[in-house]
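Biologist: I have a structure open and would like to go through a few spots in it. Can we start with the charged side chains?

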Amino acid sequence: MDQIAYGGDYNPEQWPEEVWTTDVALMREAGVNLVSVGIFAWAMLEPAPGEYEFGWLDRNLDLLHAAGIAVDLATPTAAPPPWFLRRHPEAAPITRDGVRLGGGARQSFCPSSPAYAAASAGITEQLARRYAGHPALVLWHSHNEYGGVNAFCYCATSGAAFRNWLRDRYGDLGKLNEAWGSTFWSHRFGDWDEIEPPIAAPTTVNPAQELDFFRFSSDAHLANFRRERDILHRLAPGVPVTTNFMLANCKNIDYWKWSTEVDVVSNDHYLQAERADNHIELAMCADLTRSVAHGRPWLLMEHSTNAVNWQPRNLAKGPGEMRRNSMQHLARGADGILFFQWRASRFGAEKFHSAMLPHGGTGTRTWREVVELGAELGGLAELRDSRVTAEVALLWDWESWWGLELPWRPSQDLSFRDRQEAFYEPLWRAHRTVDFAHPEAALGAYPLVVAPSSYLLTPGAADNLRRYVAGGGTLLVSYFSGIVDAHDAVHPGGYPGALRDLLGLVVEEFEPLAAGRTIGLDDGRTADTWAERLELRGATALARYADGPAAGLPAITRHGYGAGQAFYVSTRLTPGGTAALLAEVSAAAGLAATDLPADVEVVRRRSGTAEYLIAINHGQHTAVVPGAGVELLTGDPVAGGLPVPAGSVRVLRCGS
């Protein structure tokens, strides 16, 4: 495609064919150039096993192509038809408590089911053979939100698959017993068949077993994707394959591992309507998506024009909010802005989910905003393939997320997302562009790296951080990091085992705080939730606890290491305290303070000699952003400063 992709999920099977021509005419009016078709159409495409009805899809794709609308064609395998579970009741997912789940929803299957593997491969192959050469086809869309609602299955089939996965990982039982610390509670295994998934037990299950079951389950879904992708690549060579991720909100899938398996990264994001700072959470998710795409352009596969149907209170978006949401994703690297869905459904579980074409039709504010956005995106084609460059990296590791939030940690208030957002927000407010990085990724390009929640840190990751700091980098580490290895075993020698030498300190003891308790630091900052008793071994105290269980002991430290420096914060500072700390550490890393207006989001995309500045004003007053060039949405020249009205967006080409 030679334009920014614009459109959304299109479900023609839900409507009489006479509606289709109206749909296509309205799509053209709205500037739609890409739609995702067939995502939940398995029962219509294969109404009985081995019996296929493609005529309706043929006619719909031909109609779209004649109108110049490209197609992201889905394999419908996220929603098996009713005949599947009737023929294969053993494929139903089983919960941890042994409850068999029914087929009245979607993703109602065990991800390790051989019957599901055969059925999903069959419909995928039929689609690939029939539509590989269709002129509307530009992208394959495998499945939908893998692991979204059936992340885990605890049935006998999953148990056997888990054992096979463990054999491949460890080779022999001796290595597994050692990795799992199975001498604890008499868990030593003498036969592979003694191992089962971590089903409900009288008390908490071995955390190493839990971690490996997380890994296995993510890999089971990945195997299903690979199967479909390989069929599509074989039968439709040259057509890229994607599947829509749920980055930042899906804990159960290790997207770093998935990122190299898709031809293009795509993501679904839905605004958390009741959060006052939901635009910051959106920016974080967009930055994470770009990072998982390794800096390459990506697709926003789903977001909403207005209210969704599944939050506790489905608040409507205000005027202009949908445009700002869309432009935020575009600013942070998306080359496509798509919605769920094109036309609002009249029936089913998602009938109150907003759409590009609402129940109220073309006389609605939502429709008018959809048409306006389509026209604007049509004028921004030159942004395609441009890239975003970041100056700060935040470490993000799904395995650490899994490990941190298993049962029986020192405090139930330990939260992976809490720390990620706590450090991301002040960086956003300071107008720092952020990448997320795996702890073992190359970090040398970043003046500053922040480790908000690295509870699980492998020796390889710790060595990577040492090399980064020794080479001149600046690292900021938050509390309860570097504690365990990949098997949830505490690193030997005391806390934080993986990072003691790098941070120049030892954590003698954790001091979780009671709910609602706050403590003070001697520099005037306050904190809650957590404290630690630190013993310095080369580090310098920048602030000490003024009260509480660690009164008089260091709370924030700095340690020179090689040509760089490592900072440590051993408590949960207030948002203001975290922002002040990040400002100090950023200055130490050589990052100059910015003078951009508050509440104005400014991101730059670069392509060759051209640079694009996207400014989004989330505030209540007009603000002026420094810059000169041509304003792409109006064609007006800009010199000396770019005024951005309240609630508005402006896009500036700063170079040739």
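Modeller: A definition comes first: a salt bridge is a side-chain nitrogen of Lys or Arg within 4 Å of a carboxyl oxygen of Asp or Glu. Bear in mind that this is a predicted model.

Biologist: How many salt bridges does a search of the whole structure find?

Modeller: The search finds 44 salt bridges.

Biologist: Which residue forms a salt bridge with E421?

Modeller: R275 does, and the closest N and O atoms are 2.7 Å apart. The two sit in distant parts of the chain, 146 residues apart: E421 is in helix α14, and R275 is in the loop between β7 and α10.

Biologist: Is E421 buried or exposed?

Modeller: E421 has a relative accessible area of 18%, which is under the 20% limit, so E421 is buried. R275, at 22%, is partly exposed.

Biologist: Which residues are linked with E421 and R275 in a network of salt bridges?

Modeller: D277, E281 and R417 are linked with them in that network.

Biologist: What about D463 and R466, how far apart are they in helix α15?

Modeller: They are three residues apart, which means about one helical turn separates them. Their side chains meet in a salt bridge of 2.6 Å, N to O. D463 is partly exposed at 35% relative accessibility, while R466 counts as buried at 18%.

Biologist: Changing topic. At what angle do α6 and α8 pack?

Modeller: The angle is about 100 degrees, and the helix axes are 10 Å apart.

Biologist: Now the surface. Which residues make the nonpolar patch?

Modeller: F184, W185 and W408 make the patch, which covers about 420 Å². W185 lies in the loop between α7 and α8, and W185 is partly exposed with a relative accessible area of 43%.

Biologist: Last one: where is E350?

Modeller: E350 is in the loop between β9 and α12. Beyond its neighbours within four places in sequence, E350 is in contact with R106, N309 and F340.

Definitions and conventions: Residues numbered from 1 in each chain as written. Predicted model: local features only at pLDDT ≥ 70, side-chain atom pairs only at ≥ 80, totals over all residues. Heavy atoms only, no water. Helix = DSSP H or I, 4+ residues; strand = E, 2+ residues; numbered from the N terminus. Contact = heavy atoms within 4.5 Å. Patch = residues over 30% accessible without salt bridge, like charges linked within 9 Å, V, L, I, M, F, W, Y side chains within 5 Å. Areas by Shrake-Rupley, 256 points an atom, 1.4 Å probe, with all protein chains shown as cover. Buried < 20%, exposed > 50% of the residue type's maximum accessible area, 1.4 Å probe, protein only. Axes fitted to C-alpha atoms, helices over the stretch in contact; angles between N-to-C directions.
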